[in-house]
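The following explanation leads through selected features of a structure, from a helix to aromatic rings and then to strands. Please consult the sequence and the structure together while reading.

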Amino acid sequence: PWRPNEQEGARELMDRLHAIAEHKALGQLNRQLGEEVQEKAGALAEKDLLVREVHHRVQNNLQLVTSMLKLQEPEIADGEARRQLELARDRIQSIATLHRRLWRSDDLQVVNLETFFLELTEELAATWGEEWRGHIHLEVAPLRLPGQAALLLGLAVTELLTNAFKHAYGGAPGPITLSAQEKGKATIAIRVADKGVGSTVGPEGRPGSLGSRLIQRLVQQIGGELHMTPSNPGTCVSLLVPRVS
C-alpha cells in the first residue's frame, strides 16, 4: 500500500498531467479556430470583391444603355416619343448611380443618401441641360438606408424631380429643392419643392401615366406615404419613408 505522502504526490502528478493535456488541447483548438477565422476572412474578402465587381459591371452596363438611348433620341421625330425615351434614360441612370455608389462605398449593404442624392441630381441636371446646373438645391442629411430601399427611393425621387422639371417652369430652368431629414427615430422625410406655377397633375404625375403608376408602386414597396403640401408659389411634395425597410 502507498503511504499518504506517496498518494498525495500521485494525485499532484495526475493533476499536472491533466493540466498539461488540457493546455495542449486548448492550444490545438486555438490554432484550429485561428485557421478557420483566417479562411473565413479570406472568403469574405473574396465575396466582397466579387460583389463590388458585380455592382461595377452593372453600373457600366447601365451607363452604356443610357449612352445608347441618348444617341438614339435625336433620331426620333415624334416629340412625345422622344420625351418618353428621355424619361426612360433618367430612370436607368438613377439605377446606375446607385450601383456606382454601392461599389464605391465602404459598406456594400448601406447607402448614404447625402452622397447618393448629390450624384443623382448632378446627373439629372446634366441630362436636362447645362442651364439647369446650380438650380437644384440640396438639403440632405447624411442618412443611411439599405441598398434596396435606397434604389426604390432614388427612382421615386427621380420621378418627382422630373415632374418639377417638366411642369414647374414650363421647361425653363428654375429653383428646385430636394431635402431629406430625419423625422423622429423611425422616419425619413423627403421633400421635393419648386417655386413655379404649381402642378395640376398631382404628386404622382398624370393619372394612369407610367410615372403615376411607377411612383405609386415605389411608395408601396418602400412602405412610405406621399403628400402634396401647400406651397405658394409652386409645388411641394413630401415622402415619408421608414428608416428600416
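The paragraphs below take up these features in turn.

This is a predicted model, in which local features need pLDDT of at least 70 and side-chain atom pairs count only at pLDDT 80 or more, while totals for chains, interfaces and linings use all residues. Residues are numbered from 1 along each chain as its sequence is written, and side-chain values use heavy atoms, with hydrogens and water left out.

Helix α1 spans residues 4-72 and includes Thr 66; helices (H or I, at least four residues) and strands (E, at least two) are DSSP runs, numbered from the N terminus. With a relative accessible area of 3%, Thr 66 is buried, a term for under 20% relative accessible area, against over 50% for exposed and partly exposed in between (1.4 Å probe, protein chains only). Beyond its neighbours within four places in sequence, Thr 66 is in contact (heavy atoms within 4.5 Å) with Arg 89, Ile 92 and Gln 93.

The structure holds four aromatic pairs; rings of Phe, Tyr and Trp (its six-membered ring) pair if their centres lie within 6.5 Å, and planes under 30 degrees apart count as stacked, over 60 as edge-to-face and the rest as tilted. One of them, Trp 132 with Phe 165, is edge-to-face, at 5.3 Å centre to centre and 65° between the planes. Trp 132 is buried at 0% relative accessibility, and Phe 165 is buried at 18%.

Strands β4 (residues 176-183) and β5 (residues 187-194) pair in the antiparallel sense over eight bridges; pairing requires that DSSP finds at least two bridges between two strands. Ala 180 has Ile 190 in β5 as its bridge partner.
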